[in-house]
Amino acid sequence: MSDRTLSTTAKSAVTSLTRANGQLRRQLAALRHDYTELLAAARAAVNAHYDGAALPLTVLIDTLDQLGALPEFEPQITDDGLAALAAADVRLTGRRVA
């Protein structure tokens, strides 16, 4: 179908649908990327557990933190602990001590 046969209203609708389609495709690609990252982190956590690693969930926790999906929790570091970390020049990353 040629653009010449479409009315102005139809062209506007096609343009709007094309724009919405592109936005949905970008959102789907982002969701697929996040899913792939989470699946890889979960597999790494299971493998680390099977290998007897001391902290098998660290990869999964790091991935959730990067995706902004780490559950909220009450801080476990007291004011004295924060002061000790500041004195030792330890960098805080996200919600965890790096």
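Me: How many residues does helix α1 have, and what does it reach from its first C-alpha to its last?
Reply: Helix α1 covers residues 8-50, which is 43 residues, and reaches 63 Å from first C-alpha to last. That is close to the 63 Å expected at 1.5 Å a residue, where the expected span is 1.5 Å times one less than the number of residues. Helices here are DSSP runs of H or I with at least four residues, strands are runs of E with at least two, and both are numbered from the N terminus. This is a predicted model, in which local features need pLDDT of at least 70, side-chain atom pairs count only at pLDDT 80 or more, and totals for chains, interfaces and linings use all residues. Residues are numbered from 1 along each chain as its sequence is written, and side-chain values use heavy atoms, with hydrogens and water left out.

Me: Which residues of α1 are buried?
Reply: Gly 22, Ala 41, Ala 45 and Ala 48. Buried means under 20% relative accessible area, exposed over 50%, and partly exposed in between, with a 1.4 Å probe and protein chains only.

Me: And what covers them?
Reply: The cover includes α2 (58-66).

Me: At what angle do α1 and α2 pack?
Reply: At about 160 degrees, with the axes 7 Å apart. Axes are lines fitted to C-alpha atoms, for helices over the stretch in contact, and angles run from 0 to 180 degrees between N-to-C directions. The angle therefore makes α1 roughly antiparallel to α2; the cut-offs are under 35 degrees for roughly parallel, over 145 for roughly antiparallel, 65 to 115 for roughly perpendicular, and oblique for the rest.

Me: Which residues meet there?
Reply: From α1, Glu 37, Leu 38, Ala 41, Ala 42, Ala 44 and Ala 45; from α2, Val 59, Leu 60, Thr 63 and Leu 64. Contact means heavy atoms within 4.5 Å.

Me: Is Thr 63 buried or exposed?
Reply: Thr 63, in helix α2, counts as buried because its relative accessibility is 9%. Apart from neighbours within four places in sequence, Thr 63 touches Glu 37, Leu 38 and Ala 41.

Me: Back to α1. What follows it?
Reply: Gly 52, with a positive phi near 80 degrees.

Me: Where does Val 46 lie?
Reply: In helix α1. Val 46 is partly exposed, at 39% relative accessible area. Its C-alpha is 7.2 Å from that of Pro 56, ten residues apart along the chain.
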